Amino acid sequence: MEKYQSQFIMNLKYYRELRGLSQAALAGIMECGTGTIGNLEAGSSKPSFDLIVKIAYALEVEPCDLFMRNSSTAKKEIDDFLRIELPKHIKDIADKRFPLSQEN
């Protein structure tokens, strides 16, 4: 459990700083107490699921990114590959395995 909390804290700080936000500014966007973000980043409190979603929304990231940085980007790349590239490869394989006969 500590591993996930450490990753969460590290990624919370990373995305907050990437957006150029102070702890107080992030708390303001989220409409929560100013100590909330500080306590989370210090590891002295643990977020609820609702708070994780609220933080992600405020930081303009997916909730999963707060646990594994850029995981939504990796997922998008995989989705794009499957949607765009994979059909091309399937067609090539099918054409090799089942070539159209030259006779009609």
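**Reading the features in turn**

Mentor: We may begin with accessibility. M68 has a relative accessible area of 55% and is therefore exposed; the word exposed applies over 50%, buried under 20%, and partly exposed in between, with a 1.4 Å probe and protein chains only. The model is a predicted one, in which local features need pLDDT of at least 70 and side-chain atom pairs count only at pLDDT 80 or more, while totals for chains, interfaces and linings use all residues. Residues are numbered from 1 along each chain as its sequence is written, and side-chain values use heavy atoms, with hydrogens and water left out.

Trainee: Where is the place of M68?

Mentor: M68 belongs to the loop between α4 and α5. Helices (H or I, at least four residues) and strands (E, at least two) are DSSP runs numbered from the N terminus. The C-alpha atom of M68 is 9.8 Å from that of M10, although 58 residues separate the two along the chain.

Trainee: How many helices and strands does the protein chain come to?

Mentor: There are five helices and zero strands, so the order from the N terminus is α-α-α-α-α. Of the 104 residues in the protein chain, 23% count as buried. A contact requires heavy atoms within 4.5 Å. Among contacts in the chain with a separation of 6 or more, 54% join residues 24 or more positions apart.

Trainee: Which residues have the most contacts inside the largest nonpolar core?

Mentor: The general idea is that nonpolar side chains tend to be buried together in soluble globular proteins. A nonpolar core is a set of buried Ala, Val, Leu, Ile, Met, Phe, Trp, Tyr and Cys residues joined through side-chain atoms within 4.5 Å. Here the largest such core has 17 residues, and L12, L26, M30, I55, L59 and L66 have the most contacts inside it. Two or more core residues come from each of α1, α2 (23-30), α3 and α4; α4 gives the largest share, six residues. To follow one member, look at L26: apart from neighbours within four places in sequence, L26 is in contact with L12, R16, L21, I37, A58 and L59.

Trainee: Is E41 buried or exposed?

Mentor: E41 counts as buried, at 7% relative accessibility. This residue sits in helix α3 (residues 34-42). Not counting residues up to four places away in sequence, E41 touches I9, L12, K13, R16 and Q23.

Trainee: How many aromatic pairs does the structure hold?

Mentor: It holds two. Rings of Phe, Tyr and Trp (its six-membered ring) pair if their centres lie within 6.5 Å; planes under 30 degrees apart count as stacked, over 60 as edge-to-face and the rest as tilted. The rings of F8 and F67 have centres 5.4 Å apart and planes at 40°, so this pair is tilted. F8 in helix α1 and F67 in the loop between α4 (49-59) and α5 (71-97) are 59 residues apart, and their pair thus links distant parts of the chain. F8 is buried at 2% relative accessibility, whereas F67 is partly exposed at 32%. The edge-to-face pair is that of Y14 and Y15, with 5.0 Å from centre to centre and 75° between the planes. Y14 is partly exposed at 31% relative accessible area, while Y15 is buried at 3%.

Trainee: Which residues lie nearest the centre of the largest pocket?

Mentor: On a 1 Å grid over the protein atoms alone, with a 1.4 Å probe, a pocket is an open set of points with protein on both sides within 12 Å along at least five of seven lines, and lining residues have an atom within 4 Å of a point. Grid points are joined across faces, edges and corners, and a volume is the space filled by probe spheres set on the points. The largest pocket holds about 170 Å³ of space. Ten residues line it, of which Y4, Q5, K46, P47 and F67 lie nearest the centre. Helix α1 (residues 2-18) supplies the largest share of this lining, three residues. By class, the lining has seven nonpolar, two polar and one charged residues; Ala, Val, Leu, Ile, Met, Phe, Trp, Tyr, Cys and Pro count as nonpolar, Asp, Glu, Lys and Arg as charged, and the others, Gly among them, as polar.

Trainee: What is the phi of E31?

Mentor: Most residues other than glycine have a negative phi. E31 has a positive phi of about 60° although it is not a glycine. E31 lies in the loop between α2 and α3 and is exposed at 73% relative accessible area. E60 also has a positive phi, near 60°; E60 is in the loop between α4 and α5 and is exposed at 65%.
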